[in-house]
Amino acid sequence: ELSLEPLSAEATERYAARLLGDPESPPPPWLGAELQRLSDGRVGAIQSALARLQAGGAIAPEGSGWRYERARADELSGEKAVGAQPRGRDARRLWRLLSLAPAGLHAEVGTQVAGLGGPATEAAFASLVEEQWAREAGERWTLTRRPLEPGVLDERARVQARTLLLELERRLGQDPASWGAEACENLCALALALRDGAWAARAVREAVRRDRDEGALWRARERLEAWSSLTKGSPAAERIEVLRALGEVRGSLGDPGGAAESLAAALNTRSPELGQAARAELHLARTQHLLALGDAKAAGEAVERAASSHSRGETSDPAAELLGWRIRSLAIQVALKAGERARALELADQALKEAPPARVRASVENLRGLAQLHLGRLEAAEASFREALESCRALELAAGVSACLSNLALRADQGGEHEAAVALHLEALEEAHRAQLPAAVATAEANLGNLANRRGRVEEAETRYGVSLEDALRRGFSPGVFATDA
């Protein structure tokens, strides 16, 4: 796993270079410092800040590499644009309106909502273009410079925003699925700027769905965080929905602490609509994030709560039965994290005797192998890993294949078969890249880094980790595990 400790500017720069995948033209030193300033060295926030700089044009494709624009990065961070506004009252009025529509506005809508009249609006827009505040693409007006965050709307801006929201609603209709990409982006921004919970529930939900489909998780996180601040007085079901989604996105972005916090807030929302099965699912997800944080004690408490909620709900239908098996599988992971290897092996053996579903069986067999490995039973561990690997390949579980290969590599290394260990870790890495599994990539890279360091190849080790060697040594080897509901 990647380090949960904040990265230094130097380590942040190396991590950014890895994310950009351009070793031939490494990023300039200022980029690491800027990313570190924007992210406080947190891995998930570094990814978000890097994506923001790319989206804003501070990092742009050039040939087979990248072009880095320091001036654009400064502009995006707001450091050189504080208090700057266009000249002229009408131009500022139109600029404020366009600031509310990040995807731009059709000229007809802008003219109607600005309230200046046709000729005055056209003159105001021409002034914005001349001062390089805006540009025209076809009949669409967009700003070329805007505040990074919208800030608090004054009364005039609120009136403009509400007028624009109603006009867009009139033109687009009530069905979010029918909104175009630009309209969805604008409606989402307007709802959040106006702090309109009812509109946010519709617009943000749809925008986040599209963000996740596009893989833009950092943008989904920002929207969900803004929406969650509006749900304090909303129905409990809506608050649970946004907190659950926020937990999922934060976890996917490598922020297990934030994910666990969001899920805990969802669980603390008292609502009869949150049934026992749903409560067990939230406890289960929270357990996984606490394990990622290395907090075995809190993870143990969370998995016990998951089991308790599951036992109080319906347990006879297939979905409930699978949930029960997933809880048992995660309990084995918790025992391993707590160092209770004999207990983990006992739980795994007991589960395998009861004929769990195929996917659960593969995961439990892999966990049994880890317990056997920690207890020094190398041959038994290898047999368990190979059986789990065969099952994962038959089930086409890419995460499971990568995890089992990583664990076979750990077994080979403990048996003194160093070349075989490297080959297996590389195979695990290749599988993780092929299936686009960031966590599995991090596991394989971390383990390869430790092997390289053991052989005195420090530079290769640091490149594999993307962080300082000190962090790498503290982290140690990472076993491979995978979700039973994959």
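Let me start with Thr287, which is buried, at a relative accessible area of 0%; buried here means under 20%, exposed over 50%, and partly exposed in between, with a 1.4 Å probe and protein chains only. This is a predicted model, where local features need pLDDT of at least 70, side-chain atom pairs count only at pLDDT 80 or more, and totals for chains, interfaces and linings use all residues. Residues are numbered from 1 along each chain as its sequence is written, and side-chain values use heavy atoms, without hydrogens and water.

Thr287 sits in helix α14, residues 276-293. Helices are DSSP runs of H or I, at least four residues, numbered from the N terminus. Leaving aside residues up to four places away in sequence, Thr287 touches Ala299, Ala302, Val303, Leu330 and Val334, contact being heavy atoms within 4.5 Å.

Next, helix α17, residues 341-353. Its 13 residues reach 19 Å from first C-alpha to last, close to the expected 18 Å, which is 1.5 Å times one less than the number of residues. Ala344, Leu345, Leu347, Ala348, Ala351 and Leu352 are buried in α17. Seen down the axis, the buried residues fall within an arc of 165 degrees, so they line one face of the helix; the arc is taken over directions from the helix axis to the C-beta atoms. Among what covers these buried residues are α16 (318-337) and α18 (358-374). The face of α17 turned away from the buried side carries exposed Ala342 and Lys353. Just after α17, Ala355 has a positive phi of about 55 degrees.

Technical notes: Helices (H or I, at least four residues) and strands (E, at least two) are DSSP runs, numbered from the N terminus.
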